[in-house]
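Q: Could you show me how to read the packing inside a protein model, beginning with the rings and charges and then moving on to the core and the sheet?
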Amino acid sequence: MIWLTTAAFAMPMGEEAEFTFEPPGALVPESGAGREDETLYVPGMRFPLEQAPAFLNSQVYSPGGFQGPPGRECDDVNYQYPWRDNFCESRRFRMPLCPAGTGHQGQDIRPGTCERDKHWAVATVTGTIVRIGSFSVTLIAEDGTQHRYLHLEPASLVVAAGDRVVRGDRIGRVSNTFFDGDGNRVPTTTHLHYDIQQNLDGRNVFVPPYATLVASYQALLRSPASRCDPVPPEGREIADTEGCVEYFGQERFWRRERTEGALGEFLTWTNAHSGSAPSNFARTNLTIEQANRYQVEVHVVAPRNRSAAVPYVIRHQGEETTVVLDQQGETGWRDLGTFAFAEGGDQWVEVRDNSGESSPNLHISADGVRLIRAN
């Protein structure tokens, strides 16, 4: 593996940043002796955060940490590349693979911003949730490898012990949750501690996740699901799994399943709602390269398209237009009409659940949006 690889990534504020990383075992100076291990212990693993950017560095030896230099956990320096390994950082845990015989067990991962309870952690592999602790979730893959997530917000969890999850499924939101030995909640910094345990030579041990995380992050940066590409002059199709799509409301009422006929294999759906205001809605954000008129179509998938009065709101050229669509029928594209869009952003298509229907069996598809140039 070559450890000088870089990848361009657009940061949230519009700056262009290069993804760079220190090699495995290169810990913060005076924070311990690292392990120089380039092994991919879980080849093809999905990165444990839903979206980039993310920043791997120490929570203890960085600003805001109790062994770090002056500063705060939300300081910009903690949210910059390059990444740094902290698997064998000085801790009291017994760690047979670390030079000192003790270490940190896993890797600290900061999400894109310092905000708590916002950024989703997802399943790195397909497997079963076997344990929910006071501040931990444990996922066991089909090959027996154990993947553990620490410091998620307990109220945000959308999984329970015994649940089977598919690679990429949401688990919970990254937070600062920690409980001491007496059961008292003592906040840590906002981050995800992620670790991997495997059976090596007949013993179950924590293995270095850093190289695997680098590879999985590089794959995430290359994935269309991690970014929102603009709409070119001829138009384009936007699947529900792309980074352009945001979901609002109660997460447990949004469902995602792998099904035939769905865009990108996965279908996102919810139930109809009888209230006058939406409880759940999905927004497909649009950045238009060239002002034009576009025919707007939405994709529905049977049988998750049983509502007869689904409200869609199209924001275009500073205006908002509501269209009510009968989703019922076969899988396919449905026309919402033709609209003039301005160049740039702050434009979108929303599908809402407030159809006025009350039956729990009236499903609403949110499978994708397509823009077709009209002139």
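This is a predicted model: local features need pLDDT of at least 70, side-chain atom pairs count only at pLDDT 80 or more; totals for chains, interfaces and linings use all residues.

Q: Which residue lies over the face of Trp348?

A: That residue is Arg283, placed at 4.4 Å from the ring centre of Trp348.

Q: How many aromatic pairs does the structure hold, and how should I read one of them?

A: Rings count as a pair if their centres lie within 6.5 Å, and planes under 30 degrees apart count as stacked. The structure holds 15 aromatic pairs, among them Phe47 and Trp83, which are stacked at 6.0 Å centre to centre with 25° between the planes. Phe47 lies in the loop between S2 and S3, while Trp83 lies in the loop between S3 and strand S4 (93-94), so this pair ties together parts that are 36 residues apart in sequence. Both Phe47 and Trp83 are buried.

Q: What kind of pair do Tyr81 and Tyr217 form?

A: Planes over 60 degrees apart count as edge-to-face, and Tyr81 and Tyr217 form such a pair, with 65° between the planes and 6.5 Å centre to centre. Because Tyr81 lies in the loop between S3 and S4 and Tyr217 in helix H1, the pair ties together parts that are 136 residues apart in sequence. Ring pairs also link Tyr81 and Tyr217 into a cluster with Phe19, Phe21, Phe47, Phe55, Tyr79 and Trp83.

Q: Are Tyr81 and Tyr217 buried or exposed?

A: Tyr81 and Tyr217 are both buried. If we leave out residues up to four places away in sequence, Tyr217 touches Phe19, Phe47, Ala52, Pro53, Ala54, Tyr81 and Trp83.

Q: Which residues touch the most other members of the largest nonpolar core?

A: Of the 42 residues in that core, Phe47, Trp83, Ile109, Tyr149, Leu192 and Tyr217 touch the most other members. Several elements supply at least two residues each, including strand S9 (136-141), strand S13 (192-200) and helix H1 (210-222), and the largest share, six residues, comes from H1. Apart from this core lies another, of 28 residues, among them Cys244, Ala282, Val298 and Ala366.

Q: In what order do the strands of the open sheet of five strands run?

A: The order is S16-S19-S24-S21-S22, with antiparallel pairing. Strand S16 (245-248) and strand S22 (319-325) are the edge strands, each pairing on one side only, and the twist averages 20° from one strand to the next. Within this sheet, strand S21 (residues 310-316) and strand S24 (residues 344-352) pair over four bridges, and Ile314 stands opposite Val349 in S24.

Conventions
Residues are numbered from 1 along each chain as its sequence is written. Side-chain values use heavy atoms; hydrogens and water are left out. A nonpolar core is a set of buried Ala, Val, Leu, Ile, Met, Phe, Trp, Tyr and Cys residues joined through side-chain atoms within 4.5 Å. Buried means under 20% relative accessible area, exposed over 50%, partly exposed in between (1.4 Å probe, protein chains only). Contact means heavy atoms within 4.5 Å. Two strands pair if DSSP finds at least two bridges between them. Axes are lines fitted to C-alpha atoms, for helices over the stretch in contact, and angles run from 0 to 180 degrees between N-to-C directions. A charge sits over a ring if NZ of Lys or CZ of Arg is within 6 Å of the ring centre and within 35 degrees of the ring normal.
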